[in-house]
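Here is a walk through how the pieces of this model sit against each other. Have the structure open while you read.

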Amino acid sequence: MTVTRTKAEAAPVASVPSSPEPKRLRLNRWDAKYTPYLVIAPFFVVFGIFGLYPLVHTAWVSLHDWQLIDGNQGFVGLANYAELFGDANFWNALFNTLSLFVLSTVPQLLAALGLAALLDRGLRGRAFWRAGVLLPNVISVAAVALVFAQFFGRDFGIVNFLLGLVGIDPIDWRAETWASHLAVSTMVMWRWTGYNALLYLAAMQSVPKDMYESATLDGASRWRMFWSITVPSIRPTILFTVVTSTIGGLQLFAEPALFDPGFAANNSTGGSDRQFQTLVLYMYEKGFRLFDAGYAATIAWMLFLVVLLVAIINFSLTRRIAGKG
Amino acid sequence: MSRRLVGSVAATLVMVLAAGCGGSSGADGKIELSLGLFSDFGYDKLIEEYMASHSNIKIEQRKVKMEQHNTQLATQLAGGRGAADIVALEEGVVSQFRASKDKFVNLAEHGAKDLKSQWVDWKWNQGTTDGGEFVLGLGTDMGSLGICYRRDLFEAAGLATDREAVAKLWPTWEDYAKVADQFTAKTPNVKFVDTGRNVYKAILDQTEEGYFAKDDSYIAEKNAKVKAAFDMAAALGTKKQTGALEPFSQDWNVALKQGSFATTTCPAWSLALIKAGAGDAAAGKWDVTTAPGGGGNWGGSFLAIPKQSKHPKEAYELAKWLTAPEQQKRIFKETGNLPSQPKVYGDAEVQTFVNDYFNKAPVGKIFASSAESLKPTYRGTKDSKVGPVFGTALTRVEQGKQSAADAWTQALKEATDAAK
């Protein structure tokens, strides 16, 4: 608002060359030019302190033999990175991270899309349903993990009980790789599907209704309308959720950590054979249990690069897919 | 309007930046001491008394969960600020922190060596380094070790139920394994023990040298005793005699309530956890007896003073007072935390103390004698890095993922890496 008004006022004055600029106006111009920067500056200052500095410092630490308590033990160059690339546990953690990410994110976003489409129709008690889908997200992750860990209990878990009813032998959810991934993904999906559904719903409501009306006149089916009108129209939101889910999904920590009963005893490796140890869990093990901060920093930087890479791939993929319509 | 906005933005910034720096000196001229603890040390009343008798001192307790406590302390020591004036170090991690002793005050400088005779020898030694020259921490409680067992389940399996008789069943761990076989033959649906991991830990803790020789060199691969302990525990796992449970986890609690295992290695502090997990319905069903192989210890803590403390002298005085025999005895009476000082655990009140829930077991006497007969293991600096590797290996055996031999091979490789 300030900006437009100032421009309009300043223009005629500036066209009179000899008269000195009134002080107030000069101030106004300064105001117009720099205020926007000042207003967004706090974000960048805070980001610089809490985001950029740790990022750079972490890179610095990763080039050293750095013990958590005793600090810098000397510059080692890229030795930590070299070790990391030959570290089977790192590749295992990377595989687990990507597997958990795919297993939880893909069904989650598809389910959210479907859920949003349902909520977008004239349901009775709309507000109730809409608030309802967000509930899993506001419950603390610790509570969710606690409950799900019991659901997936080996001896007395409800999931095994239900499987038993249809004649399936009990599954040791923490012992098997695929079973543990499934269980952890369920937890993630439970927490985030509703949240993404609400984002989609908000976007869907801004799709012009007359588009649907004319499509109906043309005899398009609901399914066809959904894929040809709704999805392309909410493309920016889909891109946004894909990127945020990528970032969140690849940094998975709390769910697998709390799924491992050993975590509280501080000897967690994400399963007896690292079946569900994600990159962040591995970083935690190295940094906070083994006190090897240099190596943990190296993992952190690799994770950063992985997230960046996957986010870019996902972004361009989604843009292409959603853009086709 | 916009100028005011700029002003307020600047003000907010200043506030954000200023919030990062807090003061720590007392406004009323009192010396402020903080105590960084985990779980219940039973200090609440004692601290009030101490403040009443020392009018110039104000004490604040910070209690967090144990795993959080350790990582927090590590980062605070690294950062050089934020640690409490007195911090608790648990027995399992004390060797790890011992490696960073230059971040702690050598309590010998304050005369701690004069107190040496208060503690049972091994407890004192665990808290010192450099051949006893550097006193890192003063001992608080100890865990000691017994075996808790279900009387009703033993009876169903046709075994003795009286605690003296049960103790005679297993003078050694080989005998313990034999009892397990007898038990499983009679009642195949009940697990004999909750986890093989703790059996392994208990056996290993009775050897003088475990993963590391007394000169701190890594010897796990050539120490036959490590292999023997592993094989013994793995055999229980292979025969499906263990519940493959993580001790003190939710699943463990449920298993307690369902009565699905019959024995567990139990330090003094775990009695309360067993009671909480098994519930009132199991009152009198659990009992405590001595562990095979002669004594043991699991857990117990030390009070140490980080070098960053502004009042090391006052902190030392407080730590000394809190760990003195009179106070240890009071804590035992209030919380049941087992004293680590012969004078206290030899006291009639401790010796005659019985636990009603555990079928009136004379737990004071059982745990005191177990601690007395203990010849503790030397714990290497990297013990806490190496140890868990063997624990997860045993879990793999229990889960049926690996044979005992494969699990051992993998564990040894991981341990050698961790010990580098």
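## Two helices in contact

In chain B, B:Phe230, B:Asp231, B:Ala234 and B:Thr238 of H10(B) meet B:Ala404, B:Ala407 and B:Trp408 of H19(B). Contact here is a matter of C-beta atoms, placed from the backbone, lying within 7 Å. By class, this contact has five nonpolar, one polar and one charged residues. Nonpolar covers Ala, Val, Leu, Ile, Met, Phe, Trp, Tyr, Cys and Pro, charged covers Asp, Glu, Lys and Arg, and the others, Gly among them, are polar.

H10(B) spans residues 224–238 and H19(B) spans 404–418; they pack at about 135° with axes 10 Å apart. Axes are lines fitted to C-alpha atoms, for helices over the stretch in contact, with angles from 0 to 180 degrees between N-to-C directions. That makes H10(B) oblique to H19(B). For reference, under 35 degrees is roughly parallel, over 145 roughly antiparallel, 65 to 115 roughly perpendicular, and the rest oblique. The crossing is right-handed, meaning the near helix is turned clockwise from the far one by less than a right angle.

## About the model

This is a predicted model: local features need pLDDT of at least 70, side-chain atom pairs count only at pLDDT 80 or more, and totals for chains, interfaces and linings use all residues. Residues are numbered from 1 along each chain as its sequence is written, with chains lettered from A and ligands numbered from 1 in the order in which they are written.

## The five-stranded sheet

Chain B has an open sheet of five strands in the order S2-S1-S3-S11-S6, with mixed pairing. Helices (H or I, at least four residues) and strands (E, at least two) are DSSP runs numbered from the N terminus, and two strands pair if DSSP finds at least two bridges between them. Because S2 (57–64) and S6 (137–142) of chain B stand at the edges with a single partner strand each, one side of each has no neighbour in the sheet. The twist averages 25° from one strand to the next.

S1(B), residues 31–38, pairs with S2(B) in the parallel sense over eight bridges. One pair to look up is B:Leu33 with its bridge partner B:Ile59 in S2(B). Helix H3(B), residues 66–79, packs on this sheet and touches S1, S2 and S3 (86–90) of chain B, its direction making about 130° with that of S1(B).

## The four-stranded sheet

Another open sheet of chain B has four strands in the order S8-S9-S7-S10, again with mixed pairing. Its edge strands are S8 (191–193) and S10 (286–290) of chain B, each pairing on one side only. S7(B) (146–150) and S9(B) (261–266) run antiparallel, joined by four bridges. B:Gly146 stands opposite B:Cys266 in S9(B).

## Domains and chains

Chain B splits into domain 1 (29–142 + 299–350) and domain 2 (146–297 + 376–418), with bounds from an automatic or database domain assignment. Their C-alpha centres are 29 Å apart, and the contact takes 13 residues from domain 1 of chain B and 11 residues from domain 2 of chain B. On the domain 1 side, helix H4(B) (91–98) gives the largest share, five residues.

Between the chains, the contact takes 30 residues from chain B and 31 residues from chain A. The elements of chain B giving two or more residues to that side are H1 (2–19), H3, H11 (250–258) and H18 (383–398). The chain B side divides into 10 nonpolar, 13 polar and seven charged residues.
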